[in-house]
2 protein chains.
Amino acid sequence: MGKKENNLYWHKHSVSAEDRWESNGYKSCVLWMTGLSASGKSTLANAVNKRLHVMGINSYVLDGDNIRHGLNKDLGFNPESRRENIRRIGEVSKLFIDAGLIVLTAFISPYREDREQVRNLINSGHFIEVYTKCPVSECEKRDPKGIYKRVRSGEIKEFTGISAPYEEPENPEIILETDKMNVDECIEKILDYLIDNKFIHFIKRPRGVFVK
Amino acid sequence: MGKKENNLYWHKHSVSAEDRWESNGYKSCVLWMTGLSASGKSTLANAVNKRLHVMGINSYVLDGDNIRHGLNKDLGFNPESRRENIRRIGEVSKLFIDAGLIVLTAFISPYREDREQVRNLINSGHFIEVYTKCPVSECEKRDPKGIYKRVRSGEIKEFTGISAPYEEPENPEIILETDKMNVDECIEKILDYLIDNKFIHFIKRPRGVFVK
C-alpha cells in the first residue's frame, strides 16, 4: 500500500502498512457499519472504539459529525452527492488503514453498489461489512433524534427505510440484530470476529466463571 | 474535538484527542511541508515519518501519491480544484490529528490564503508550517522527476516558481534551507521543534560526545 515503485529514495524511507502492523501488534481494517437510522451504528461504532482504545489499539470513528461538517460539507443529499459522500469516506478509510488504524464508519450507506465500491477499494479482507439489522418499526420506536417523527409529519420527504430504499447486505461479515442483542453482546461479536480473523491477538478475559 | 454536545450516550463512549494523547504519550499535529517542487518536501516528510515510526510514534504522510490518486482523483488543476485539493487535505489532516497521529503533508501549496485556511481549521498550535526553502535554480538542478525540464521545453505551461507564483510563508514555524542543510539536519530541526513544544517527550540520544 502507498508504495511508489520508481523512486528508490522514497522507498528507503517509507513505512508500509505491514511495518505498522508488526510494530503495533495488530492489523488495520475498516468496520463498515451499515443499517437504518437508529439501528445502532453510531452507538456501536463508538462503543467498540472505546473498547479498542482501552485495549491500547489505535482506532477511529468516521461518522456524520466529523465528515458531513468537515470534509464533505460541500456535498448535498442528491443521489450523486450521496455516492460521492460514500466514495470519499471509503478513500479516507483506506488512508487510515494504510496508517495502521482500525477504522469504524457509521453511515446508513443504503446502496449495495456504493458499499461494494468501497470494498473493492480496500485491500482484500480488510473491509468488514457490519450490518446493524433492526426492523424499521423498532428504529422508529427508538428515534433518538426525532427524525422518524419528522418523516411521518412530512417534514422530511425522502428517508431510508420509509420512502427510500435500504438495500440489505447480501454477505456481510458480521450481522448484529440490535433488536435482540444488547450493546455488550454486539461488541463481543465484533471483537470475536477481529480475534478469529487475526486482526487483533488479545486473549479476552473471561466474563464469567464458565464463559470462555 | 469531534464532540457531540447534545447526545449523552455518544459522549459516554467517545474517545477524545486528549484521551489519545494521554495514552499515546505524545500529542498529535500536522507538519505542513510547503515549498517548490524538488525542494525536499516529500523526502523530508518520509524521513521524519520513518524516524517517528522507529520511536514508536504513529505518524502518516499525505502526499500526491496517496491523495491525488485516491480521495482527490476527481479534481483537476484549475485554481478552484487546487483550492479544493488543499481544503480536503486540511480536513483529512484534522481527522488524523483527532485520531492522535502526527501527520506530515507534502504538497507545494503555493497560496498563503489556502495554507491560512488550513491553519484556521486545525486547533490552535497543532498546525506546524514547515517551509522547505530552496532557490528555484537549485530545485531545477535536482529535478528528480524531470518536471523542470518539461517546463523549460514548454510541455508544461504553468508551473510554480517558474510561470506561476509561490507565495512564501510569512511566519512559518520551521524553515529548512534545503540547499544548505542535509537531510539529517532537517530531521533534527523538526524533532527539536516537536520536543521543545512538547508534542513528543523523548530524550534524544546524543549523536556525539559533546553534542546535546
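Read along the sequence, chain A of this predicted model follows the pattern α-α-β-α-β-α-α-β-α-β-α-α-β-α. Chain A holds 9 helices and 5 strands, taken as DSSP runs numbered from the N terminus (helices: H or I, at least four residues; strands: E, at least two). Residues are numbered from 1 along each chain as its sequence is written, while chains are lettered from A and ligands numbered from 1 in the order in which they are written. Because the model is predicted, local features need pLDDT of at least 70 and side-chain atom pairs count only at pLDDT 80 or more, whereas totals for chains, interfaces and linings use all residues.

Of the 212 residues in chain A, 42% are buried (20 or more other C-beta atoms within 10 Å of the residue's own, with C-beta atoms placed from the backbone). Contacts are assigned where the C-beta atoms of two residues, placed from the backbone, lie within 7 Å. Among those in chain A between residues at least 6 apart in sequence, 73% join residues at least 24 apart.

Helix 4 of chain A (residues 64-71) has Asn66(A), Ile67(A) and Leu71(A) buried. Viewed down the axis of helix 4 of chain A, its buried residues fall within an arc of 90 degrees, so they line one face of the helix; the arc is that of the directions from the helix axis to the C-beta atoms. These buried residues pack against strand 2 (59-63) and helix 5 (79-98) of chain A, together with helix 5 of chain B.

Between the chains, 31 residues of chain B are in contact with 31 residues of chain A. On the side of chain B that touches chain A, at least two residues each are supplied by helix 1 (8-13), helix 2 (17-24), helix 3 (41-54), helix 4 (64-71) and helix 5 (79-98) of chain B. Helix 3 of chain B gives the largest share, 7 residues. By class, this side of chain B has 10 nonpolar, 13 polar and 8 charged residues (nonpolar: Ala, Val, Leu, Ile, Met, Phe, Trp, Tyr, Cys and Pro; charged: Asp, Glu, Lys and Arg; polar: the others, Gly among them).

In chain B, 5 strands form an open sheet in the order 2-3-1-4-5, with parallel pairing (two strands pair if DSSP finds at least two bridges between them). Strand 2 (59-63) and strand 5 (174-177) of chain B are the edge strands, each pairing on one side only. Strand 1 (residues 29-34) and strand 3 (residues 102-106) of chain B pair over 5 bridges, and Val30(B) stands opposite Val103(B) in strand 3 of chain B.

Technical notes. Buried ≥ 20, exposed ≤ 12 C-beta atoms within 10 Å, placed from the backbone.
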